[in-house]
Every structure is written in structure tokens, then in C-alpha cells.
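Student: I am new to this structure and would like a close look at a single part. Could you walk me through it step by step?

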Amino acid sequence: MTFYTTVKSALLGLGALAFTTSAVLADDLADIKAAGKIVVATEMHYAPFDMLENGEYVGFDRDLFDEIAKELGVTPEYLDLPWTSILPGLEVNKFDFVLAPVTMTAERAERYSFTLPIADATVAFVQRKDGKMTGPEDAKGMTVGVQKGTAQEKQLEAYGEKIGGITVKGYGTPDEAYADLMTGRLDAVAGSAPLLSYLANTRPDNFAVVTPPFGTPTYFGFVARKGDGDTLVAAVNDALEAIKADGRMAAMQEKWFGMATELPATMPEL
Amino acid sequence: MTEIIQRYGPDLLTGFGYTILSWALGTLLGLVLGFMIEIARRFGPAFLRYPIRAYVEFVRGTPFLVQLFVLYYGGPLIGLRLDALPAGILGLTIYGSAYFTEILRAGFDAVPVGQVEAARAIGFRNTTIITRIMVPVMMVSALPALVNFAIILTKETVILSMITVPEIMFQTQTMMSETFAFVAPILILALFFWGFVELISRFGRRLERRFTHYLLDRS
Amino acid sequence: MFSFQTIVENFPVLLGSARYTLLISVLGCIEGLILGAVICAAALSNKRWMRRIAALYVSFFRGVPLLIQLLAAYYLLPVIGINVPALAAAVLTVGLCAAAYLSEVLRGSLNAIPQGQAEAAAAIGMAPRDVWIRILLPQALKIGLPAIVNELILLVKASSLVTVVGIVEITRMSQSIAAATYRPLEIYLAAAFIYLVINLVIAQAGRMLERRLTV
């Protein structure tokens, strides 16, 4: 969406005080195909999945969804929204599809329609290079940052109870938690393994991942509305299988995660 | 519903607590700092005026959110590492001081020069002139604006959620992302602030009546 | 160590995002003035229920933080069947909020206009609506200009909150760049500088306009 078309839409919205239900957003696969475009939302602060480089949206999700959209035969349109706004935004039809990696949990699966897994989401700790942790259980008594409103936050809280006390601090984005780890306000940050290894690989002088991961093994998926979005999810799953089959997936994994891994071809037990 | 209240009730109460605490401290300290700045500008050496003016223009010309980010994420790089709550309160204090000092300046300007001169003529010391003559007279004209800005500060406290202060907005967002319910939490937030602001403005009107009481008596 | 290099490299992108800041605050201010005039008229109406509604409106939009209003516009409006694009939602909400403040500004200015003018206009047979639009409102705008400019400056700053509905304006962009460069101090100061310049320019333009109107 260019600046001028958004200006035009803003003026239209202003002029009419916008008392119209939006016809731009599609409700299901048929609508998206008819419109020729799909509007997807993510928070572009989730490296290496989603990030902004010089104001441009890049990352594993971007590459993957460009391919998925090609398979679907539609043009993708990307929105940047704070994580806490994303799932509610999907419910009220602000966009068609959640491109943010959403950790698969039983509660969420009741409410949203998940695609097949797109990456590993198991939770681990990252600390400063000079940090003292040698294993996850050393987190006892420490102050640990995590993105708020996430499945990682819940796992961290549960783990804290298990090992006897972690002070949890919630952040808007993982980036802010990493920044606070560097300032020394935090002893560690909990997050999904792919994010943390990307962080430690790109900034080896500052960060180190604490092995092994402490959380129960989980996966990331993308999400659509339950019911209306089911056909869309089925189509995205078909696209994912095609992308895996011809090696495009492995190439993208190499590019963003440093290694190719096999992903389940069926929905995991939640 | 009862389950949600049981699960989140205590968190929401904690949130209210942090909101009110940071607002009260931020307003009070902001008022004190603003008062000191105004006294320095009015009675201090002349070279202080430009830095003070630059400070006021900077604080009033930039969003509170950005100031808070500079303070919280930028501060540690120059050795100022504050926890979220102190950083938030300091942010509110700084933000408030710039506005309060301008309000106080206008208030002091409105104090009739003759009253100050008369006090000086009969031998009042500077500090006595300030506390006994200028401040009480100034409060009459400045109080509505001071209360008004204190109200504006209540609303700025929600921004502290963005630097992890567990105030009401922060708690509500956590609740929203865990329960997937968002209509009720937003309404609760809106009602809380609406009520809180109404309460402060009622209190402000009563305070105004007290300070202007002597004016009414004579008329 | 302070890195000017970081600021120089990222400044163009940051500056580019300022157009959304300007767009939202200027459109919001215009909407606020139009709607504010209507609310002001209602507040001064001789019908009690209209005064009640105006008072309720002002109290609500001044009592609830803009951040919460934005979330409400984004999440709650679709629930009752009104779904607007993010930018329209942002402009709409910022304008609704500004209207509450601007209606009070206009009301204050109207009080400063001699009563006789409206009475004279009515006496020569002008319709009440014409008295309002041709005599009172233009003068109220002129008298209220300093306060209106002040409101526009507040809106420029308030627009930093529209990040919650997904608009990448100066603040959101600076968050992204700070995350990518790990230079929060430099980037946020640069963002603050852009806001400051915008606001100083608006204040100066306001003073010039004021001088021209009073000549």
C-alpha cells in the first residue's frame, strides 16, 4: 500500500466517518482469491522470523509467505502490529491471516485454526556472554525477561514455580527484553530456540544461549479464523507441503536459521 | 466470569495500585521540581535562563513515550540504570516539571508587583515573600491549570506499561492475551480512568474553593 | 560511546516515517475543529439534552487515555459492525479526542466575542445558523488560534500512540531501528529531535499567522 492510497483511504474514512463495514478484507479463501490479495499481520520485531531492515519488512516469514502467496495465486499485503493486538485483530476481521509465529497451545487451538508447524518453538534462556548460568536450573532466583502475553511467558512462569522462584518481567517485544538484558536489568531472557540462536549467532560478543532448552517441545504455526478461515488453512497447508517437497523450505531454513530441520507433516498433539 | 475475576482480580488491583502510585509521585515530584525550576529562573543567576528554556522546550516538544524510551533504554548507556518503576516516576516527574514550571510562571506573573514591594519595604526576607505572599496569591490563578495538568498526567501513566511497569494497562493487556477476551477489559480500563479523572477534577474544584475562599468572603 | 554515525545512517528512514505523524495530527486537528464546533454549539444550545450530551462527550474523551480510545476504536468498533482501516481508525480517534479539547477552546473564545454582534446580526434578519457560521465561528477561530496551535502540537505528540493500531510513524520506526542497531539512546534522541523540530515549526507558523490575522 503506497502512502498516497493510504492517505486516500484515511480521507475517505474521515469523510464518511467510516460507518461502513469493510469490504476490502476477505473472509475466506474464496474472498481472498476473488480480491486477488491477502492481508496478513505480524509484529515485525521477531528476528529472524519478522524484522524491519532500513524500514523494509524481511525475515523467514516474509520469504515463506511470499512463496505461499505465489502458490495461492494472490498478492500478499503485510501489516505490522503489536503482538498483543494481533489475535484480537484477527477475530474482528482486521486482516485475513496471522503471519506471526504463534506457539501452538491447546487453548489457542480451541479458538483459532492453526496451519501445520512452520518452526520449532521450544523455550530456552539466553544470557549475556559473561553470564553465569550453566544450565536452565540456574535461573532460580534470577530476573528473567520474556515477551508478554505469549506461550513462552506461561512456560517460564510454570518453570519458575518448578525450580523455586524466578522474577518474570513482561516486555512488548523480544527486542526490548534483549536490550534490557544488555543494560543489566535482566539476568536472562526466555524465548523460543530459533530466536535465541539467531540472536547469539548475529551478536556472539554479547549473547550466549543456555543449553539445553527448558520448556516442553512445542511448534510455531500460523493462524486463521476458526470456521471462516478453515479453507484458507487447508490451502496454506497444501502450499507448505509443496514448498517443503521441492527444497524451498530447506533453503529458507538454511538462510535464516543456519540449518535445515525436518518439520512434522501432521498436526502435533497439543 | 467469576473465574476470570478470581484469576485476574488481584492482578488488576495491583495494577490500579501502581497506576495511582506512579501518578501521585510523578505529579508531586513534578510539581516540586517545576517549582524549583521556576524559582531558579526567577531569582537565580541570568545564565540559567537559556538552559531552563531549552529544557522546557525539549520536554514540551517531544512525546512522553519517546522521552521514556530515551530514559529507560538510553539511560544505561550513560550510566543511568533505573528499574522500570523509578524510571517511570522520574519520566513523569520530568515531563510534569516542564509544564508545571510554565503554569507557575504565569501564576507568579499575575501576582501584583505592589504586594511584593510592600512586603520588601516592611522588611520581609526573600523566602518569606515567596512563601507568605507570592505562593498563596499565585495559587489562586494557577490552581485550575495545575489541576488540569495533574489530570493529563493520569492519562500519561498508561504509557509506563511500555517499559514494563505493571500498572493497570499492563495487567489488562496480559489478561487480554491470556483470555482472548478484549471487550470487557477495554471497557474496564476506560471506566476506571473516566472515574479517576472525574474524582480528581471534583477534588480540584473543592481545592479551588478553599484557596479562593477569602475572595468570596469579601465580595 | 555516542554514535553520530548511527543517527546519520538511519535519519532518512526515520524522517520518512514522519509523514504519518504529520498526516494523523493535521487531519486529526481538522476533524477535531469541525466536530469541536458542533459540540461547542451543542454545549451552548438552549436545549438541556444537547448540553448534557456535549458535557458527557467532553468528559469522556478528556477522561479516558487516548491509548485506550485507540484500542477501543480498533477492537470494539468491529464488534458492532464498523470495521475501518488502521489509518482511518487512528485519524478518526485522534480527531474525536481533539474535538473534546477544541470544543472547550472554541467555547472560551466565543465568550470573548461581544454579545451585541450576534444580537445585531439576528436583528437584521440573519438566520441563527448563518450567525453561527459567518459571524461567531470565524472570530472564535481567530481568538482561539494560539490554543488551537497548542492543540496541534499536543496532537503531534499524541500521534506517537497510534503504533498500537499498527501504523509505522516516527516512534514505531525508531523502535524498529533501535532494535536493529542496538543503539537506543541515539535513535530515540533522533526521534525526539524530529518531533521537537516539527513542533517548533508549528509554533512559529502559529505565531506568524496570529500576527497576520491581528493586523
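**A close look at A98(B)**

Tutor: Happy to! Leaving aside neighbors up to four places away in sequence, A98(B) touches Y55(B), V56(B), V59(B) and R60(B). Keep in mind that this is a predicted model.

Where does A98(B) sit? You will find A98(B) in helix 4 of chain B, which covers residues 84-109. Is A98(B) buried or exposed? There are 21 other C-beta atoms within 10 Å of A98(B), and a residue counts as buried at 20 or more, so A98(B) is buried. Another residue to look for is R53(B): along the chain, R53(B) and A98(B) are 45 residues apart, yet their C-alpha atoms are separated by 9.3 Å.

Now let us step back to the wider chain. An unreviewed UniProt entry lists residues 12-201 of chain B as "domain: ABC transmembrane type-1". That span is 81% helix and 0% strand, and its end C-alpha atoms lie 24 Å apart.

For a view of how helices pack, turn to chain C. Two packed helices are described by the angle between their axes and the distance between the axes. Here, helix 2 (residues 18-43) of chain C packs with helix 5 (residues 86-111) of chain C at an angle of about 45°, and their axes are 6 Å apart. Because of that angle, helix 2 of chain C is oblique to helix 5 of chain C. The residues of the contact between helix 2 of chain C and helix 5 of chain C comprise 17 nonpolar, 5 polar and 2 charged. As for handedness, the crossing of helix 2 of chain C and helix 5 of chain C is right-handed.

Terms used. Residues numbered from 1 in each chain as written. Chains lettered and ligands numbered in written order. Predicted model: local features only at pLDDT ≥ 70, side-chain atom pairs only at ≥ 80, totals over all residues. Helix = DSSP H or I, 4+ residues; strand = E, 2+ residues; numbered from the N terminus. Buried ≥ 20, exposed ≤ 12 C-beta atoms within 10 Å, placed from the backbone. Contact = placed C-beta atoms within 7 Å. UniProt positions renumbered as here; feature names shortened; annotations may be inferred. Axes fitted to C-alpha atoms, helices over the stretch in contact; angles between N-to-C directions. Parallel < 35°, antiparallel > 145°, perpendicular 65-115°, else oblique. Left-handed = near helix turned anticlockwise from the far one by under 90°. Nonpolar A, V, L, I, M, F, W, Y, C, P; charged D, E, K, R; others polar.
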